[in-house]
Protein chains: 2
Amino acid sequence: MDNFIFQNTTRLIFGKGMIAELPKQIPAGKRVLVTFGGGSVKKNGVYDQVITNLKGYEITEFWGIEPNPAIETLRKAIALGKEKNVDYVLAVGGGSVIDGSKLITAGLLYEGDAWDLVKKGYSANTIPLGTILTLPATGSEMNNGAVISRYETQEKYAFFSNFPQFSILAPETTFTLPDFQISCGLADSFVHVMEQYMTFPAQSRVMDRWAEGLLSTLVEIAPKIKEDKKNYDLMADFMLTATMALNDFISMGVTTDWATHMIGHELTALHGITHGQTLAIVLPGTLRVLKDQKKEKLVQYGERVWGITIGNMSERADLAIRKTEDFFHNLGLATRLSDVNVGEDTIKEIERRFNERKVAYGEKNNVNGTLAAEILRACL
Amino acid sequence: MDNFIFQNTTRLIFGKGMIAELPKQIPAGKRVLVTFGGGSVKKNGVYDQVITNLKGYEITEFWGIEPNPAIETLRKAIALGKEKNVDYVLAVGGGSVIDGSKLITAGLLYEGDAWDLVKKGYSANTIPLGTILTLPATGSEMNNGAVISRYETQEKYAFFSNFPQFSILAPETTFTLPDFQISCGLADSFVHVMEQYMTFPAQSRVMDRWAEGLLSTLVEIAPKIKEDKKNYDLMADFMLTATMALNDFISMGVTTDWATHMIGHELTALHGITHGQTLAIVLPGTLRVLKDQKKEKLVQYGERVWGITIGNMSERADLAIRKTEDFFHNLGLATRLSDVNVGEDTIKEIERRFNERKVAYGEKNNVNGTLAAEILRACL
């Protein structure tokens with residue numbers, strides 16, 4: 001096991017009706033900027049609950065943080081927050097609203113353009129953030145990361161700041177989610193675990209078991225959710241699993257990968273494809289191309305998550321990859337670039353970008369432009 | 001899944017040589033009370049590393065916090081700390097030193113006798129605590145609980161305060177532990193998980209998977225540690241698993257039990273039997289007596305942790321209980337009261353105490369004096 005320092009300070013407030021905890025979480029007298037996405041919270045009753053529970057606070061609403069939150073939008077939120085002199089941000093929505101709000105909490109204390117902070121990749125100087133999650137997927141509600149896009153240059157980068165002080169997860173708020181968003185959330189959670197797990201065995205037995213426990217849970221609940229997406233216990237397990245998939249709990253002392261995410265981000269930046277959908281396409285390709293490098297872990301994964309116990313190592317690894325692609329396919333997601341009309345031009349552009357930036361990702365830092373292109377061709 | 005609020009703020013600092021992180025963790029200028037147990041840290045080099053890394057701080061040493069830390073001892077530490085006007089406590093040792101130090105951090109800010117706080121069961125008013133763990137077992141390094149004894153009255157109670165600000169876990173500090181302490185630590189960790197898991201199924205799939213992951217890890221590493229207790233990776237997995245077994249990570253939204261612990265505490269209070277050893281005796285008895293109540297979960301546990309897939313429900317539950325007792329037995333621990341010379345007199349006294357206190361423990365609050373006596377008789 002590698003040395004590590006772990007700390008996750010977010011207070012997780014989970015369950016039925018827990019939005020009512022709001023007044024206990026935000027200190028009295030705060031001037032709160034409440035951030036939203038496109039308006040689904042007005043249809044599912046979350047907005048009304050938030051407003052009811054924020055009585056007595058001075059609040060300013062900011063609407064319109066889009067999927068893959070854009071600096072162009074966030075600059076407006078920061079300007080509004082500065083004008084209103086806010087000292088707390090409450091993000092109400094999915095991972096994009098929360099990600100965007102993380103940059104807002106930093107941008108409010110920064111004199112220059114907040115894109116500087118994104119390029120720097122980090123700012124610890126923030127006002128406090130609380131969240132109310134409505135879409136299980138990104139884990140942003142219990143980590144310190146965010147991904148911010150810039151539309152004018154088709155760029156998309158990771159940005160790290162502080163952990164939310166609290167996050168309220170009320171599973172019944174997910175009951176009205178469209179099927180496609182649920183599927184993308186399940187895929188996103190699955191790939192988050194895989195990025196921290198699918199490297200090489202024998203680093204930490206306990207971290208492996210936990211990662212496999214999250215994967216097994218997603219494999220178990222995904223078909224059930226398809227049948228019954230208003231089942232509280234199912235959605236509660238989905239919501240909790242999605243949070244645990246990216247809150248540092250399963251990455252203690254182990255090597256991580258993230259090559260699939262870095263390639264997926266480019267597909268979103270270039271074509272606006274939903275994040276979870278890009279991952280469902282890229283992960284199987286990553287595994288096909290890096291099969292030999294990851295063979296031992298693929299076999300362990302195949303056995304413990306998919307029950308694959310026969311065949312030689314190579315056959316078992318192949319079957320584990322096939323099961324993974326089938327899992328995404330059964331969610332109703334595309335698993336090939338051709339399904340989303342992406343071809344060689346995009347592959348060449350991503351190769352060019354990786355080469356230009358001189359980057360190489362993955363557990364071995366070997367996924368450079370050339371290998372990324374090879375992975376993408378394996379997804380055609 | 002039940003509603004829950006989760007927060008664990010402890011910074012976990014894990015790995016080789018991590019005691020050197022100490023000066024980054026305790027603010028400069030603090031007057032530190034450093035608490036120790038019986039002196040093993042002078043033999044294994046930990047003491048020297050602590051002193052080296054505390055250069056520049058004003059430190060006061062307190063030695064002699066015993067296994068099952070006693071109010072009689074802790075009062076002296078509190079008096080010394082008040083005299084020296086300390087404003088930070090650093091606990092160096094196993095769970096007993098850390099537990100005792102939790103009461104010290106509260107007692108230092110309390111005017112009266114610290115036993116009042118134990119009887120109250122809770123104090124949030126403490127000075128900060130950091131820990132250096134040398135014995136994986138209790139999880140005290142990453143939770144807010146403690147168990148404090150009073151020898152003159154043979155009492156032993158749980159006490160809750162704040163989480164340690166940081167805990168340093170350096171697995172190499174465990175290389176010199178006696179076999180019996182390692183076995184008790186493995187048993188303690190195992191039973192901590194069981195207390196939060198062995199109730200009824202279908203509360204949370206993901207919490208079940210995580211608990212089973214910890215149990216499976218302990219089952220896998222225990223025989224290996226017997227052969228090779230200076231293996232860094234093995235002891236690292238043991239140390240991390242022991243911490244994760246009791247830091248609230250696996251109890252989100254699920255019903256817990258703790259009857260085995262409450263009975264075990266009485267055996268320690270009356271006979272001084274090591275905590276982990278009492279659990280290895282009581283847990284199989286609890287499972288035998290409550291087999292029908294816990295049958296469904298016993299079958300799930302048998303299948304996922306022990307690979308038991310044949311037989312009817314009752315047979316599978318029986319085999320799972322037998323495997324559990326065998327696990328403790330293979331650790332070299334006693335699994336029967338007769339092995340530790342405890343008999344009917346003690347059983348009657350524990351029954352009397354439970355009745356006198358009008359208590360009833362367990363997932364269904366049905367383990368009262370009568371049922372506790374029945375469980376203990378099943379351990380003879």
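Okay, some housekeeping before we look around. Residues count from 1 along each chain as its sequence is written, while chains are lettered from A and ligands numbered from 1 in the order in which they are written. Since the model is predicted, local features need pLDDT of at least 70 and side-chain atom pairs count only at pLDDT 80 or more, whereas totals for chains, interfaces and linings use all residues. When I say helix or strand, I mean a DSSP run, numbered from the N terminus: H or I of at least four residues for helices, E of at least two for strands.

Let's start with the sheet. It is an open sheet of 12 strands, with mixed pairing, and the order goes β3(A)-β2(A)-β4(A)-β5(A)-β8(A)-β1(A)-β1(B)-β8(B)-β5(B)-β4(B)-β2(B)-β3(B). Pairing here takes at least two DSSP bridges between two strands. At the edges sit β3 (58-62) of chain A and β3 (58-62) of chain B, each of which pairs on one side only. On average, neighbouring strands of this sheet are turned by 20° against each other, ignoring direction. For angles, axes are lines fitted to C-alpha atoms, for helices over the stretch in contact, and values run from 0 to 180 degrees between N-to-C directions.

Now find where the sheet passes from one chain to the other. β1(A) and β1 (residues 4-14) of chain B run antiparallel, joined by seven bridges. If you want one pair to click on, A:Leu12 has B:Phe6 as its bridge partner in β1(B).

How many residues does each chain put into the contact? It takes 36 from chain A and 36 from chain B, with contact meaning C-beta atoms, placed from the backbone, within 7 Å. On the chain A side, β1 (4-14), α8 (205-227) and α9 (232-244) each supply at least two residues. The most comes from α8(A), with 11 residues. Split by class, that side has 17 nonpolar, 10 polar and nine charged residues. Here Ala, Val, Leu, Ile, Met, Phe, Trp, Tyr, Cys and Pro are nonpolar, Asp, Glu, Lys and Arg are charged, and the others, Gly among them, are polar.

Back inside chain A, β4 (residues 88-93) and β5 (residues 129-133) pair in the parallel sense over five bridges. One example is A:Val92, whose bridge partner in β5(A) is A:Ile132. Helix α5 (residues 95-107) of chain A packs on the sheet there, touching β2 (31-35), β4 and β5 of chain A, and its direction makes about 165° with that of β4(A).

Over to chain B and a hairpin. β6 (residues 145-150) and β7 (residues 155-160) of chain B run antiparallel, with six bridges between them. B:Arg150 stands opposite B:Glu155 in β7(B). The hairpin has four residues between the strands, and B:Gln154 takes a positive phi near 50°.

On to helices. α11(B) and α15 (residues 369-377) of chain B pack at about 115°, with axes 8 Å apart. That makes them roughly perpendicular, a label covering 65 to 115 degrees, while under 35 is roughly parallel, over 145 roughly antiparallel and the rest oblique. B:Val282, B:Gly285, B:Thr286 and B:Val289 of α11(B) make this contact with B:Glu374, B:Ile375 and B:Leu376 of α15(B). Those residues divide into four nonpolar, two polar and one charged.

Then there's α12 (residues 295-306) of chain B, where B:Lys297, B:Leu298, B:Val299, B:Tyr301, B:Gly302 and B:Val305 are buried. Buried means 20 or more other C-beta atoms within 10 Å of the residue's own, exposed means 12 or fewer, and partly exposed is in between, with C-beta atoms placed from the backbone. The cover over those buried residues includes α8 (205-227), α11 (275-289) and α13 (313-330) of chain B.

Last stop: is B:His261 buried or exposed? B:His261 has 21 C-beta neighbours inside 10 Å, so it counts as buried. This histidine lies in α10 (residues 259-271) of chain B. Beyond its neighbours within four places in sequence, B:His261 is in contact with B:Glu195 and B:Leu279.

For contrast, look at A:Asn365, in the loop between α14 (344-357) and α15 (369-377) of chain A. A:Asn365 counts as exposed because it has 10 C-beta neighbours inside 10 Å. Its phi is positive, about 50°, although A:Asn365 is not a glycine.

Definitions and conventions:
Contact = placed C-beta atoms within 7 Å.
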